[in-house]
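This briefing is meant to be read with the sequence and the model side by side. Please take the topics one at a time and find each residue in the structure as it is named.

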Amino acid sequence: MSEFLGRVAVVTGAGSGMGRTLALGLARRGARLAVSDVDTEGLAATVGLLEELGAEVRSDRLDVSERESVLRYADAVVEHFGVVNQVYNNAGIAFSGSILESEFKDIERVLDVDYWGVVNGTKAFLPHLIASGDGHVINTSSLYGILALPRQSAYNSAKFAVRGFTESLRLEMLAGGHPVRVTCVHPGGVKTNVANNAGHAGPTKDAAETALYNEKLLRMSPEKAAEIILDGVAKNRARVLVGNDARGLDLMVRVLGSWYQRPMLEVLRRVMPSTKRA
């Protein structure tokens with residue numbers, strides 16, 4: 001509790017899913033919240049839930065891919081609270097499509113939000129986190145930042161980049177003696193709307209196949225995922241693997257190296273028939 005009590009925590013993508021449950025979990029631990037999202041209706045609902053918990057909260061519409069907006073936002077949050085202690089760069093989008101089928105703009109959009117959004121949030125808040133004397137950056141990568149899957153080249157690229165960026169940041173903070181801890185989060189199959197709302201290239205996905213994907217692979221509740229993440233933050237873990245799938249597949253990749261790709265493809269072909277077209 002002492003890791004969060006009275007601390008000012010910034011959470012992006014707080015309008016739904018894991019961002020919302022992270023904000024609620026932080027509120028229950030006594031944190032003060034700055035929450036943001038592009039979805040103003042979802043964000044308003046989150047704020048209502050936070051206020052029911054008695055949390056001190058500031059909310060803003062924010063597109064994390066807009067660098068100047070994020071820089072202004074960081075200054076505004078610090079002016080409002082006087083300090084920032086924790087930043088959860090959580091906002092993200094998904095996109096499915098083969099490299100042949102995907103447009104450049106589709107790949108760029110995923111990288112703008114999922115990677116550059118993390119960079120923007122980190123860079124904007126890092127001086128303030130150092131100034132706090134007790135900072136923590138928590139960046140959301142993914143299971144897709146550990147292993148690659150067909151038709152996920154844009155998302156894989158962004159999440160692998162987040163992993164590398166965050167691990168480098170942690171080393172820099174340690175080497176420089178800065179009072180900022182750094183955690184990279186790798187969620188596995190969490191039941192959020194990211195998959196349902198994902199863009200895609202090529203033939204329209206069949207609704208039954210999407211339902212099958214959600215049933216087979218998205219098993220953990222966002223509430224449970226948030227609990228695991230916050231426990232990892234409290235313990236200052238460098239990496240937080242969320243779910244048995246994330247832990248198991250991380251182990252598989254470390255044991256097999258690039259050889260993981262063949263058995264992984266066979267598993268996917270059983271779960272997702274469209275993988276045969278990838």
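Accessible areas come from the Shrake-Rupley method with a 1.4 Å probe. On that basis the protein, which is shown here as a predicted model, exposes about 13,000 Å², and carbon and sulfur atoms supply 53% of this area.

**The whole protein**

- The protein has nine helices and nine strands, and buried residues make up 51% of its 278 residues.
- If we take the contacts between residues at least 6 apart in sequence, 71% of them join residues that are at least 24 apart.

- N90 is placed in the loop between strand 4 (86–89) and strand 5 (95–96), and because its relative accessible area is 12%, which is under the 20% limit, N90 counts as buried.
- Leaving aside residues up to four places away in sequence, N90 touches T12, G13, M18, G19, L22 and T140.
- L24 is found in helix 1, which covers residues 17–28, and with a relative accessibility of 11% L24 also counts as buried.
- Which residues does L24 touch, not counting those up to four places away in sequence? They are L49, L50 and L53, and for L49, which is 25 residues from L24 along the chain, the C-alpha atoms of the two residues are separated by 7.5 Å.

**A partly exposed residue, R181**

- R181 lies in strand 7 (residues 180–187), and with a relative accessibility of 22% R181 counts as partly exposed.
- Not counting residues up to four places away in sequence, R181 touches E3, D134, G135, H136, V137 and N236.
- One of these contacts is G135, which is 46 residues from R181 in sequence, while the distance between them in space is 6.2 Å, C-alpha to C-alpha.

**A nonpolar patch on the surface**

- L251, V255, L256 and W259 form a nonpolar patch on the surface, and together they have about 460 Å² of accessible area.
- L256, a member of this patch, has its place in helix 8 (residues 244–256), and at 35% relative accessibility L256 counts as partly exposed.

**Aromatic rings**

- A pair of aromatic rings is described by the distance of the centres and the angle of the planes.
- In this model the count of aromatic pairs, taken as rings with centres within 6.5 Å, comes to four.
- Y73 and F125 form an edge-to-face pair, with 6.0 Å from centre to centre and 85° between the planes.
- Why can this pair be said to tie together parts that are 52 residues apart in sequence? The reason is that Y73 lies in helix 3 (residues 67–81), whereas F125 lies in helix 4 (residues 104–132).
- Are Y73 and F125 buried or exposed? Y73 is buried, with a relative accessible area of 5%, and F125 is buried as well, with a relative accessible area of 2%.
- Y115, W116 and F165 form one aromatic cluster.
- A charged residue also takes part in a ring arrangement, since R29 lies over the face of F4, at 5.8 Å from the ring centre.

Definitions and conventions: Residues numbered from 1 in each chain as written. Predicted model: local features only at pLDDT ≥ 70, side-chain atom pairs only at ≥ 80, totals over all residues. Heavy atoms only, no water. Helix = DSSP H or I, 4+ residues; strand = E, 2+ residues; numbered from the N terminus. Buried < 20%, exposed > 50% of the residue type's maximum accessible area, 1.4 Å probe, protein only. Contact = heavy atoms within 4.5 Å. Patch = residues over 30% accessible without salt bridge, like charges linked within 9 Å, V, L, I, M, F, W, Y side chains within 5 Å. Salt bridge = Lys/Arg side-chain N within 4 Å of Asp/Glu carboxyl O. Phe/Tyr/Trp six-rings, centres within 6.5 Å; stacked < 30°, edge-to-face > 60°. Lys NZ or Arg CZ within 6 Å of the ring centre and 35° of its normal.
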